Amino acid sequence: MAVMASTANMLIAFQPNNNANLRKLQPPPSISSSLTTPRKSINSTTLCKATTSTISTNDSSLASTITELQETPSPPKQPQPDISSVWRKLHGEDNWVGLLDPMDPRLRTELIRYGEMAQACYDSFDYDPYSKYCGSCRYPREEFFELLDMRHLGYSVSRYIYATANINLPKFFRRSRWPHKLWSQHANWAGYVAVSDDETTKKLGRRDITIAWRGTVTHVEWVADLMNYLRPISPEVACDDPEVKVEAGFLDLYTDREPSCGYCKYSARQQVLAEVKRLIEKYEDEEVSVTITGHSLGSAMAILSAFDIAETGLNVKKENKSVHVSVITFSGPRVGNLRFKERLESKHGIKVLRVHNTHDMVPKSPGFLINETSPEWLFKLAQGLPWSYTHVGVDLELDHKNSPYLNPNGDSACAHNLEAHLHLLDGYHGRKREFESSSGRDVALVNKDCDFLRDEESVPPAWRQDLNRGLVRGPHGRWMQPDRPTLVHDHPQDTDLHLNQLGLL
């Protein structure tokens, strides 16, 4: 008996047998850049729309007629609102008093925007051990935001940041399983520095330099790798107070370098300071801000680099004009001791807003036993101990159990997930207010890399995947891993000049 089956309007991925259209075939997965329209399409993927097809067991054939080639349109983006008159308040001038409860809608938009810039670090990072480019950024610096479908932000990347893999944080560093194809023996891509364009600068009220640090791709497990003891920040970071201490592993990641490697012959610290100095001098006649963001381990790097920028004096321009430095972090750990906090906040005036899920364990580390929540007498008594930590800045606590879309029993990785934090921000209006989405943000983004949504949402877990694990058909029809554009070291020629002027060489 012949069995007939039909399918209507079937979408089939169309893939040529050459590498010419590699960028179209392997588009960057859409990240959370739309705040107004649900994102259920795959950007820039060439699709074939097939007509009704008939399958017969008599000939076991599938007869399909391709009738139309179409590009999936990108959803409209929410334009950057004009915050030129209030940006200092949104970035902590008054420590966010009156803006968090109830949540100021302009602040919410700012937090989500910087959260997306931190998420871009994950979405562009090659963490596949079967890729010969594992540990690098997938996209050229000049096209970073374009290939991530984030041009609407109005920023361009001026420099990539690389860190050396010589330190004991194995879950931060990723290596290819093909040792003969390593793009670098010592380096991993750690983030980027970006600067706002002219149009966006007008809406922001200043030229914004953003530093985005990548976190770990193994979610919570990296906490186990921490040395978990405090070490004086000097001499690695010049500071005249020997009692200012930070977690030893964070300091190593920030300051270590490998002279034999073109990517990390400068430490992450040197790369960031040289680029911030160059950009501040380039825009000497404009009002400039430095905004630093990161998630998880990237949060620690953000706070550490903000302290360093102020300690080095980069936030003071000619004629003593100050550069506003603020930090917006997501689900970050404690970084240093009480003296670190006091110097960061009181002496340098750095504004830090920490966003975290109350059920996440990472913000409770290190210093799990002795921290700012301990009895005051115990906290003061333990100040000299190498495991007495305290958080810095202002805290914005979220609760994933308030969202009707999330599984209240999600595991620790779900509670730590950055996309989940952005989802919670979108629906947060205040501590005692119900969750209500403010922008129609697509909830499917939460499950991009985890399994956190309720089954009623019908979104599969960890849906963000590369087409064919990155393989394409070569000229002779064989499947192969294509070459990418040559990875350049991306160190500006005047890096040594700026570092010499800072006394760092």
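Which residue stands opposite R354 in β14? Hold on to that one, and I'll come back to it when we reach the strands.

Hi everyone. A quick word on what you're looking at: this is a predicted model, in which local features need pLDDT of at least 70, side-chain atom pairs count only at pLDDT 80 or more, and totals for chains, interfaces and linings use all residues. Residues are numbered from 1 along each chain as its sequence is written, and side-chain values use heavy atoms, with hydrogens and water left out.

Let's start with the overall picture. The protein has 13 helices and 17 strands; these are DSSP runs numbered from the N terminus, with helices being H or I of at least four residues and strands being E of at least two. Of its 505 residues, 54% are buried. Buried means under 20% relative accessible area, exposed means over 50%, and partly exposed is in between, using a 1.4 Å probe and protein chains only. Now contacts, meaning heavy atoms within 4.5 Å: among those between residues at least 6 apart in sequence, 73% join residues at least 24 apart.

Next, the inside. In soluble globular proteins, nonpolar side chains tend to be buried together. We call such a group a nonpolar core: a set of buried Ala, Val, Leu, Ile, Met, Phe, Trp, Tyr and Cys residues joined through side-chain atoms within 4.5 Å. The largest one here has 61 residues, and F144, F145, W189, Y192, L396 and L425 have the most contacts inside it. Helix α3, residues 105-124, gives the most to this core, with nine residues. Apart from it lies another core of 55 residues, including V195, L253, A300 and I303.

Hi everyone. A quick word on what you're looking at: this is a predicted model, in which local features need pLDDT of at least 70, side-chain atom pairs count only at pLDDT 80 or more, and totals for chains, interfaces and linings use all residues. Residues are numbered from 1 along each chain as its sequence is written, and side-chain values use heavy atoms, with hydrogens and water left out.

Let's start with the overall picture. The protein has 13 helices and 17 strands; these are DSSP runs numbered from the N terminus, with helices being H or I of at least four residues and strands being E of at least two. Of its 505 residues, 54% are buried. Buried means under 20% relative accessible area, exposed means over 50%, and partly exposed is in between, using a 1.4 Å probe and protein chains only. Now for contacts, meaning heavy atoms within 4.5 Å. Among those between residues at least 6 apart in sequence, 73% join residues at least 24 apart.

Next, the inside. In soluble globular proteins, nonpolar side chains tend to be buried together. A nonpolar core is a set of buried Ala, Val, Leu, Ile, Met, Phe, Trp, Tyr and Cys residues joined through side-chain atoms within 4.5 Å. The largest one here has 61 residues, and F144, F145, W189, Y192, L396 and L425 have the most contacts inside it. Helix α3, residues 105-124, gives the most to this core, with nine residues. Apart from it lies another core of 55 residues, and V195, L253, A300 and I303 are among them.

Let's look at some rings. Two rings of Phe, Tyr or Trp (its six-membered ring) pair if their centres lie within 6.5 Å; planes under 30 degrees apart count as stacked, over 60 as edge-to-face and the rest as tilted. A search of the whole structure finds 13 aromatic pairs. In one of these, F144 and Y160 have ring centres 6.0 Å apart and planes at 75 degrees, so this pair is edge-to-face. The pair links distant parts of the chain, with F144 in helix α4 (residues 144-147) and Y160 in strand β7 (residues 155-164), 16 residues apart. F144 counts as buried because its relative accessibility is 1%, and Y160 is buried too, at 5%. Together with F145, W189 and Y192, these two form one aromatic cluster. W189 touches F144 and Y160, and its contacts also include C121, F125 and R214.

R214 has something else to show us. Its charged end sits over the ring of F125, 3.8 Å from the centre. That label applies if NZ of Lys or CZ of Arg is within 6 Å of the ring centre and within 35 degrees of the ring normal. Likewise, the charged end of R113 sits over the ring of Y114, 4.6 Å from its centre.

The expected span of a helix is 1.5 Å times one less than its number of residues. Helix α8, residues 297-312, has 16 residues and should span 22 Å; its end C-alpha atoms are 23 Å apart, which agrees. Of those 16 residues, 15 are buried. Just after α8, G313 takes a positive phi of about 90 degrees.

Back to the opening question. T329 is the residue that stands opposite R354 in β14. Strand β13 (residues 324-330) and β14 pair in the parallel sense over five bridges; two strands pair if DSSP finds at least two bridges between them. In strand β14, residues 351-357, seven of seven residues are buried. Both faces are covered, with K351, L353, V355 and N357 on one side and V352, R354 and H356 on the other.

Most residues other than glycine have a negative phi, and most peptide bonds are trans. Here, though, a cis peptide bond joins D101 and P102, with omega about 5 degrees. The bond from S234 to P235 is also cis, with omega near 15 degrees. E319 is not a glycine, yet its phi is near 60 degrees. E319 is found in the loop between α8 and β13, and it is exposed, with a relative accessible area of 71%. A462 has a positive phi as well, about 45 degrees.

Definitions and conventions
Lists of a residue's contacts leave out its neighbours within four places in sequence.
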